[in-house]
Amino acid sequence: MFSLDSLRNAFASNIVRTTTKPNLPPPPTIHDAASPPINLMRGWPNPSLLPADLIREAANKALSDTTISTAGLLYGPDPGYEPCREAIATWLTDFYRSANNAAPVTASRLCITGGASQNLGNLLAVYTDPAYTRNIWIVAPAYMLAFRIFEDAGFEEKMKGIPEDDKGIDLAALRRGLEKSEAEARGRKGSERPVYKPERKRAKVYKHVLYCVPTFSNPSSRTMSLEHRTELMRIAREYDVLLIADDVYDFLQWPADASADGSLDAAMQTAHLPRLVDIDRDLAGCADRPDADGFGNACSNGTFSKIVGPGVRVGWVEGTDKFTYGVSQTGTTASGGAPSNLTSTYLTHLLTSGSLTSHISSTLRPAYASRSHALHTAIHIHLLPLGFSFPQTDRQVFGGYFVWLSLPPGMSAGVLARRCREEAGVIVAEGGIFEVPEEKGDGEEEGGGSLQEGFDGFVRLCFAWEEEGRLEEGVRLVGEVAGRMIGEAGGGSVGLRGGSGGGGEGGGLEVYK
């Protein structure tokens, strides 16, 4: 008896024998649905990199000491488990503030959270008002799962994409957008004072919020330059902007050159750029300047999801003492106690024992560097000759989880993603899912259009989830599909831009999770 799959493959091979002509790409094969797809979209750590043994040891230590276990199992203090805050402060100081003249991170500048996403919701609940806060500015392309958090906070019609440039953010476009937003707010009801939030000493309401991933951005992998970070902070102070920086990939960094001689290895133990929250602290005047309110204009949204495991659900936010106190007084925290209180006791041991630092330096960085270099090598072999290209090709330091690729002229990411999945069993993230949901325009803000450009000419590949061999095979298969598309176009448009692909809420995001 013949199976349905064998008949399909026989039919496909017959097509190859009867229709293949010289100088044309071979017709597509039919992907065996029984074979697991190669998932280059999923932004998760590979299970082999999860430190289960270290967590088990930390949990045993915490639960075996009644003074620790009791504190962990009861409602915790609003800012979070104090020993964990102190341990995080020391750890962050070593990584970000190791210069002799840098003031250390203190526990009073930290609040424990349930992770970066949970805390983003808390930040919006405390520091914004859906009527008074003019806009949510999002550096685009952007982390697509954050959009719903802004929608839930009442900002569905107030999100605006700000394009990246090669230094991380188009500051001129941001300033134009802020100027226009303020002009529209003048005389509009609800723009003079918060409408839905009462006056509270524990918090303020910002006129604007800007969300970004400054280092090894998701999805574009770009890193914002020091010059742009500094100027962005000046703009934030001028327009009353809260900069929410997802600083979630900073510890995962390595030399961009795979053949580096090791001279940069020691430098990888500390951050290669200051965070926005550091610049807010160090830039002349800081949050204590005479015309400031003490809340500052930046916060660092951190998480252990990328360096321990997403399931621990522990993160932190850093800002001024006044700012983090406000976060700790979020209604859900004041009622239920600090998030992830018990798990924080485990993280305390991982930090104070040095085991987490060792895990990052001896396991995660080497593994991700190797995977990243393998993916880049495969891209150079199979995709760049077809017209794909990288951003920021001159960087010395690479990191994070992702690679962002420009497609050959005219090729649609939506069509490429769909065909990769159907023909090759490879899942890639099409660029369109990273567009900020807003009124579409032509790349200019005139007439209410969008500041961001479309991203159907880009794809994102992740090197964190799959093993190296599958990364290389996945890129080879993407190259085969792209080559067929180019051959079929015969020099014309390669898959109509804006075509239906594998992304969107009903067509691809489920594979991310």
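Modeller: Start with what a crossing angle is. Axes are lines fitted to C-alpha atoms, and angles run from 0 to 180 degrees between N-to-C directions. Keep in mind that this is a predicted model.

Biologist: At what angle do the axes of α3 and α12 cross?

Modeller: Helix α3 covers residues 66–73, and helix α12 covers residues 341–352. Their axes come within 7 Å. They cross at roughly 140 degrees.

Biologist: Is α3 oblique or roughly antiparallel to α12?

Modeller: Roughly antiparallel needs an angle over 145 degrees. The α3 and α12 axes cross at roughly 140 degrees. That makes α3 oblique to α12.

Biologist: Which residues of α12 make the contact with α3?

Modeller: From α3 come Ile68, Ala71, Gly72 and Leu73. By class, the contact has 4 nonpolar, 3 polar and no charged residues. The α12 side is Asn341, Leu342 and Thr345.

Biologist: Are α2 and α12 roughly parallel or roughly perpendicular?

Modeller: Helix α2 spans residues 52–64, and its axis comes within 8 Å of that of α12. The two cross at roughly 110 degrees. Angles from 65 to 115 count as roughly perpendicular. Therefore α2 and α12 are roughly perpendicular.

Biologist: How many charged residues are in the contact of α2 with α12?

Modeller: Residues of α2 in this contact include Glu57 and Lys61. The contact divides into 9 nonpolar, 2 polar and 2 charged residues. So the charged count is 2.

Biologist: At which residue does α13 bend?

Modeller: Helix α13 has 28 residues, 355–382, and reaches 39 Å from first C-alpha to last. Its bend is about 35 degrees, and proline 366 follows within four residues. The bend is at leucine 364.

Technical notes. Residues are numbered from 1 along each chain as its sequence is written. This is a predicted model: local features need pLDDT of at least 70, side-chain atom pairs count only at pLDDT 80 or more; totals for chains, interfaces and linings use all residues. Side-chain values use heavy atoms; hydrogens and water are left out. The expected span of a helix is 1.5 Å times one less than its number of residues. The bend at a residue is the angle between axes fitted to the seven residues ending there and the seven starting there. Angles under 35 degrees count as roughly parallel, over 145 as roughly antiparallel, 65 to 115 as roughly perpendicular and the rest as oblique. Contact means heavy atoms within 4.5 Å.
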